[in-house]
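This report is meant for a reader who is new to the structure. Please look over the sequence and the model below before reading on.

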Amino acid sequence: MRWTQTFIPTLKESPADAEILSHKLLLRAGLVRKLTGGLYTFLPMGLRALRKIEKIVREEMDRAGGIEVLMPALQPPEIWQQSGRYETARDVLFKVRDSAKREWVLGPTHEEVITHLAANEINTYRQLPKNFYQIQTKFRDEIRPRFGLMRAKEFIMKDAYSFDTTDEGAMASYKKMYDAYTRIFARCGLQAFPVEADTGVIGGNHSHEFVVPAETGEDNVAFCEACGYAANIEKATSGLPKTAARDVGPEIEKFATPGVVTIEALSKEPYKVAANRQIKTLVYIADGKPVLILIRGDDQLNEAKFKARSGAVEARPADVKSEADLAHFQKLGAMPGSLGAVKNVPSDWKVYADERLRGANDMTTGANEDGFHFRSVSMERDVKVTDWFDLRTVNVGEPCPKCAKSLKIRRAIEVGHVFKLGTKYSEKMGALFVDEGGKQHPAVMGCYGIGVTRTLQAVIEQSNDKDGIVWPVSVAPYTVCLTPLAVAPESPVMQLAEKIYAELTAKGIDVILDDRDERPGFKFKDSELVGFPLRLAIGEKSLAKGEVEIKPRAGQILAVKAEDAVAKLLELIEAGTPKV
């Protein structure tokens with residue numbers, strides 16, 4: 001390809017609405033252009049990089065036994081109602097109506113479609129296992145699309161779905177995808193690693209995210225350098241001990257605390273109740289019903305954990321400014337700051353407590369009477385707990401749950417997610433098979449997603465310097481940028497450039513010939529901004545000595561003999577291509 005025959009609209013300055021470095025470089029390097037919030041047009045350089053990532057994904061999915069299909073983006077709402085996600089996923093669903101006023105869903109994912117297919121086409125164990133995948137556009141109604149391709153309304157995703165006859169078979173399929181993802185991200189030049197993760201609205205009981213460390217990431221990941229434990233903060237646990245037991249009196253004691261409505265205020269004079277001896281009582285609305293959540297005063301509730309452990313589809317803090325929610329506080333007899341679970345708890349309310357409080361005594365909590373608290377509270381004696389769960393958010397420095405070394409926390413970008421779904425969808429949607437004995441069973445499913453467009457931006461976020469993008473060879477739009485400093489067709493410089501261009505192209509190397517009649521510095525800056533892995537510069541002075549200059553994108557200039565240029569470029573390309 002010749003530069004003058006393609007379209008690379010580079011920018012000197014970053015657009016004002018570009019928030020993070022990778023977003024700025026996407027725009028400055030002319031890879032994409034914004035249509036409106038969350039919608040982007042891919043330009044030639046961005047599309048080439050995207051297609052290379054897709055190629056890697058396809059190769060590894062095929063290697064792992066995947067079967068490629070292509071499913072409709074437009075989906076009937078009935079299948080979402082059948083799975084139960086028409087309501088639980090409604091916040092992200094784009095819904096449209098046709099000319100007959102019939103409603104349709106623009107697919108954010110395809111569990112329903114593929115399970116419908118399996119229900120109609122698979123009926124015997126002889127047809128299993130199967131793993132179907134596709135690379136396709138997805139749609140999600142992001143309220144605040146941001147960070148370029150990281151959180152968009154429309155994006156490209158690879159999604160795969162496995163069907164097995166047994167749980168053991170499903171775990172084998174899961175492992176194949178887990179290993180394939182490891183290879184995919186390594187081949188893309190990404191330093192990605194797996195972490196334990198929450199399953200969210202997709203469901204299932206086993207899940208890992210593949211994340212890329214980045215300060216601009218939207219996920220927090222807890223990890224242990226000593227043993228390798230790693231988990232999304234929504235899933236992470238630690239080895240902190242439960243609250244130490246103490247001797248307590250035979251019954252609770254009520255005491256006045258006028259104006260005290262915070263953990264911090266109760267820890268000060270004249271009360272001096274340490275935060276770790278307080279019970280924080282939270283009123284939540286879970287699936288439309290009020291519940292109490294109890295955690296230690298020095299801990300913070302992790303809402304994702306609460307939803308996952310309790311099975312709640314929706315959960316939010318009760319709001320005293322809401323008339324409906326205010327009635328719940330009135331039923332308890334107090335406002336936030338004086339709440340507790342010892343007395344006045346309605347019999348139909350569930351009470352969830354964090355495991356760290358199990359067995360705790362000599363605790364202090366609100367008395368459900370404004371301006372009063374109870375002390376000498378025993379969780380076992382005085383509080384009727386419906387269920388105990390790990391509900392707290394892990395903090396940096398806490399002991400690892402596996403080896404007790406200190407946990408660290410860092411920001412990361414999620415680029416892939418693997419789930420073991422079990423029979424959640426196959427049972428609801430009738431994806432059944434008959435075993436050898438003639439008995440019918442639901443297929444055991446897994447699902448596996450990679451954000452292809454997000455992966456592209458994650459590569460840029462991880463691979464850049466002050467001059468622009470530093471593409472890995474495997475996903476660069478072009479591997480070599482040939483930069484003749486004189487572009488007249490009859491000049492020796494351009495004639496050599498044409499010869500090398502033809503040789504590299506014949507050997508299957510992606511090469512772009514910068515045939516623009518511009519200053520050398522201008523061309524060099526564009527080449528580094530776009531991030532081509534190798535630049536071969538041919539100038540009159542160097543050519544007079546029989547040499548050309550090869551510049552690896554993140555390396556030093558190498559002067560090589562003109563006749564050795566192609567061989568040296570091939571050597572550098574081979575060295576920069578990951579083998580997995």
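The domain assignment divides the chain into domain 1 (34-214 + 412-461), domain 2 (253-389) and domain 3 (476-576). The model is a predicted one. Taken over C-alpha atoms, the centres of domain 2 and domain 3 lie 68 Å apart.

**Two buried residues**

Ile114 sits in helix H5, which covers residues 111-121. With a relative accessible area of 0%, Ile114 is buried, because buried means under 20%. Apart from neighbours within four places in sequence, Ile114 is in contact with Met71, Phe132, Tyr161 and Phe163. Ser491 is 377 residues away from Ile114 in sequence, and the distance between the two in space is 59 Å, C-alpha to C-alpha.

Glu103 belongs to strand S6, residues 103-106. Is Glu103 buried or exposed? Its relative accessible area is 18%, so Glu103 counts as buried. The side chain of Glu103 makes a polar contact of 2.6 Å with the side chain of Tyr86. Tyr86 is also one of the residues in contact with Glu103 when neighbours within four places in sequence are left aside; the others are Pro77, Lys95, Val96 and Arg97.

**Salt bridges**

How many salt bridges does the structure hold? There are 48. Three of these pairs are set out here.

| Pair | Closest N to O distance |
|---|---|
| Asp159 and Lys138 | 2.9 Å |
| Glu264 and Lys268 | 3.4 Å |

Asp159 and Lys138 form a salt bridge with their closest N and O atoms 2.9 Å apart. This pair links distant parts of the chain, 21 residues apart: Asp159 lies in strand S8 (residues 154-164) and Lys138 in strand S7 (residues 130-139). Both Asp159 and Lys138 are buried.

In the pair of Glu264 and Lys268, joined by a salt bridge, Glu264 has 53% relative accessibility and is therefore exposed. Lys268, at 47% relative accessibility, counts as partly exposed.

Key:
Residues numbered from 1 in each chain as written. Predicted model: local features only at pLDDT ≥ 70, side-chain atom pairs only at ≥ 80, totals over all residues. Heavy atoms only, no water. Helix = DSSP H or I, 4+ residues; strand = E, 2+ residues; numbered from the N terminus. Buried < 20%, exposed > 50% of the residue type's maximum accessible area, 1.4 Å probe, protein only. Polar contact = N/O pair within 3.5 Å; in protein donor to acceptor, adjacent residues only side chain to side chain. Contact = heavy atoms within 4.5 Å. Domains from an automatic or database assignment. Salt bridge = Lys/Arg side-chain N within 4 Å of Asp/Glu carboxyl O.
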